[in-house]
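Here is a note to read beside the model. Please keep the sequence and the structure in view while going through the points.

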Amino acid sequence: TPSKIGKYDVLSARDYKADTITNLATGEVTSTGLPNSNVLYYDMSDSAWLCVRPSGTEPKVKFYYGIKGESLEDADAKSEKLGKEVVYMIYEMV
């Protein structure tokens, strides 16, 4: 589990296949309470999030992310920057 994604701290990690939510600050592990699924979801600082899952129809991994801003323009700017940081993180892994 990464501790940071771009400039955002990872606060918790959800592993839906293992049915766990891990609080990175305390180490506390709780159940997602949801059906088993091959999905990882990271809650990050500033209400940002990142979700990673394999495609069900193609041999690829899909990344989804979200962020909140003070305005639409602010959210768009933050989204563009986070998107670039996610792509950079992927390139570092391969």
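1. In which loop is S45 found? S45 lies in the loop between β5 and β6 (49-54). Helices here are DSSP runs of H or I with at least four residues, strands are runs of E with at least two, and both are numbered from the N terminus. The model is predicted, so local features need pLDDT of at least 70 and side-chain atom pairs count only at pLDDT 80 or more, while totals for chains, interfaces and linings use all residues. Residues are numbered from 1 along each chain as its sequence is written, and side-chain values use heavy atoms, with hydrogens and water left out.

2. Is S45 buried or exposed? S45 is buried, because its relative accessible area is 15%. Buried means under 20% relative accessible area, exposed means over 50%, and partly exposed is in between (1.4 Å probe, protein chains only). Leaving out residues up to four places away in sequence, S45 touches Y8, D9 and L11. Contact means heavy atoms within 4.5 Å.

3. The chain as a whole comes next. The chain has 1 helix and 7 strands, and from the N terminus on the order is β-β-β-β-β-β-β-α. The C-alpha atoms fill a box of roughly 35 × 35 × 25 Å along the principal axes. Of the 94 residues, 28% are buried. Among contacts between residues at least 6 apart in sequence, 30% join residues at least 24 apart. The accessible surface is about 6300 Å², and carbon and sulfur atoms account for 54% of that surface. Accessible areas come from the Shrake-Rupley method with a 1.4 Å probe; for residues, only the protein chains shown count as cover.

4. Which residues touch the most other members of the largest nonpolar core? They are I5, Y42, M44, L50 and L82, in a core of 13 residues. Two or more residues of this core come from each of β2, β5, β6 and α1. A nonpolar core is a set of buried Ala, Val, Leu, Ile, Met, Phe, Trp, Tyr and Cys residues joined through side-chain atoms within 4.5 Å. Apart from neighbours within four places in sequence, L82 is in contact with I5, Y8, M44, A48, Y65, G66 and I67.

5. The structure holds 1 aromatic pair. The rings of Y41 and W49 have centres 5.5 Å apart and planes at 5°, so this pair is stacked. Rings of Phe, Tyr and Trp (its six-membered ring) pair if their centres lie within 6.5 Å; planes under 30 degrees apart count as stacked, over 60 as edge-to-face and the rest as tilted. Y41 is buried at 17% relative accessible area, whereas W49 counts as partly exposed at 28%.

6. There are 5 salt bridges in the structure. A salt bridge is a side-chain nitrogen of Lys or Arg within 4 Å of a carboxyl oxygen of Asp or Glu. One of them joins D43 and R14, with the closest N and O atoms 3.1 Å apart. This pair links distant parts of the chain: D43 is in strand β5 and R14 is in strand β2 (residues 8-15), 29 residues apart. R14 counts as partly exposed, because its relative accessibility is 23%.

7. Two further salt bridges can be checked by eye. D9 pairs with K4, the closest N and O atoms being 2.7 Å apart. D9 is partly exposed at 35% relative accessible area, and K4 is partly exposed at 42%. E80 and K84 meet in a salt bridge at 3.3 Å, N to O. Both E80 and K84 lie in helix α1, 4 residues apart, about one turn of the helix. E80 counts as partly exposed at 48%, but K84 is exposed at 56%.

8. What forms the nonpolar patch on the surface? V87, Y91, M93 and V94 form this patch, with about 500 Å² of accessible area together. Patches are made of residues with over 30% relative accessible area and no salt bridge: like charges are joined within 9 Å, nonpolar side chains (Val, Leu, Ile, Met, Phe, Trp, Tyr) within 5 Å. M93 is found in helix α1 (residues 72-93), and M93 is exposed at 58% relative accessible area.

9. The last point concerns a loop residue. G33 is found in the loop between β4 (29-30) and β5 (40-44). G33 is exposed, because its relative accessible area is 61%. G33 and Y16 are 17 residues apart in sequence and 8.9 Å apart in space, C-alpha to C-alpha.
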